[in-house]
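Please look over the sequence and the coordinates together before reading on.

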Amino acid sequence: MDHFERQLARMMHDAEEPAPFGPRHRKRLREGVSARRRARAAKRAVGSVLTLAGLSVGLFLLSGDPTRAEPGEPRPLPATRPSPPSPVMTPGAASPSPTSTETSDPRATATRSPTSAPPSDTETTQNAP
Amino acid sequence: MAQARASEFDEFVASRWSALMHLARLLVGGDRHRAEDLLQESLVKLWFVWPRVADDAPEPYVRKVMVRAAARSSRRRWWGERPVERMPEVASAGDVSADVAERSRLEAALVQLSPKQRAAVVLRYYQDLPEGQVAEALGCPVGTARSHAARGVARLRQLLADVIEPVQ
């Protein structure tokens with residue numbers, strides 16, 4: 001702290017005037033406390049009213065919503081046919097043979113065999129002149 | 001309980017009123033009415049937190065409230081005080097005592113500082129607070145508080161050059 005700073009500190013301390021805390025100050029302080037207490041109570045009341053109003057509006061909007069999904073409504077069906085389940089692959093097992101699959105299906109054998117033509121065609125040819 | 005609380009508060013205010021009033025006056029740059037408003041407003045805030053701070057540190061609390069409120073009120077337009085290049089006219093030494101003239105000169109110089117500079121200088125040189133507590137009261141880092149105080153003192157060196165003469 002140099003000379004100027006010391007003098008500055010001295011001036012600040014010397015400038016202090018005795019100022020007693022009188023009845024006027026006490027009364028004003030009490031009034032200030034009461035006013036602030038009233039302001040805080042009013043603010044709290046306004047906050048409560050606004051909260052209540054917000055909750056009421058929210059509940060009203062929720063109860064009047066027409067697009068709400070009812071729990072009893074049937075669920076919509078899928079638009080496409082579901083694909084058949086794929087064969088289950090087990091570790092260590094051989095892949096399924098296509099031959100066995102083909103022979104196991106009687107309709108597939110009937111359609112792919114050349115001898116499965118209807119007999120009526122043969123009869124018609126033989127009877128022709 | 002409430003009665004005891006009120007009497008403790010009254011006792012604190014009565015014992016510290018004079019010093020707090022002078023602090024408020026320095027913080028606002030000398031205006032007595034603004035200083036009283038500032039102190040009343042700060043003490044009303046103190047009343048509502050009195051049970052929490054009464055046993056601990058009521059004076060640092062009220063000091064912090066005053067410093068911040070002083071900085072806020074300085075930004076209000078209605079106050080209408082503007083910094084000027086030249087110092088205002090002060091009363092001549094023949095009209096008033098030397099002490100009053102010196103105080104008027106000090107207050108007129110303090111008004112020329114920014115609110116934060118003024119607060120930093122007052123807390124540092126009137127309240128004799130260390131830099132850490134000045135920073136806490138101002139609500140800024142220690143380096144910023146140090147900078148405010150240094151700039152404020154540098155400005156006061158110019159303004160009070162003819163009042164405080166340098167040592168040869």
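This is a predicted model: local features need pLDDT of at least 70, side-chain atom pairs count only at pLDDT 80 or more; totals for chains, interfaces and linings use all residues.

Residues are numbered from 1 along each chain as its sequence is written, chains are lettered from A and ligands numbered from 1 in the order in which they are written, and side-chain values use heavy atoms, with hydrogens and water left out.

Chain A holds five helices and zero strands, where helices are DSSP runs of H or I with at least four residues and strands are E runs of at least two, numbered from the N terminus. Of the 129 residues in chain A, 11% are buried, that is, under 20% relative accessible area with a 1.4 Å probe, counting protein chains only.

Helix α1 of chain A (residues 3-14) packs against helix α5 of chain B (residues 115-125) at an angle of about 90°, their axes lying 9 Å apart; axes are lines fitted to C-alpha atoms, for helices over the stretch in contact, and angles run from 0 to 180 degrees between N-to-C directions. The two helices are therefore roughly perpendicular, a label given to angles of 65 to 115 degrees. On α1(A) the contact (heavy atoms within 4.5 Å) is made by A:E5, A:L8, A:A9, A:M12 and A:H13, and on α5(B) by B:V121, B:V122 and B:Y125.

As for α5(B), eight of its eleven residues are buried, among them B:V121, B:V122 and B:Y125.

Note on methods
Angles under 35 degrees count as roughly parallel, over 145 as roughly antiparallel, 65 to 115 as roughly perpendicular and the rest as oblique. Buried means under 20% relative accessible area, exposed over 50%, partly exposed in between (1.4 Å probe, protein chains only).
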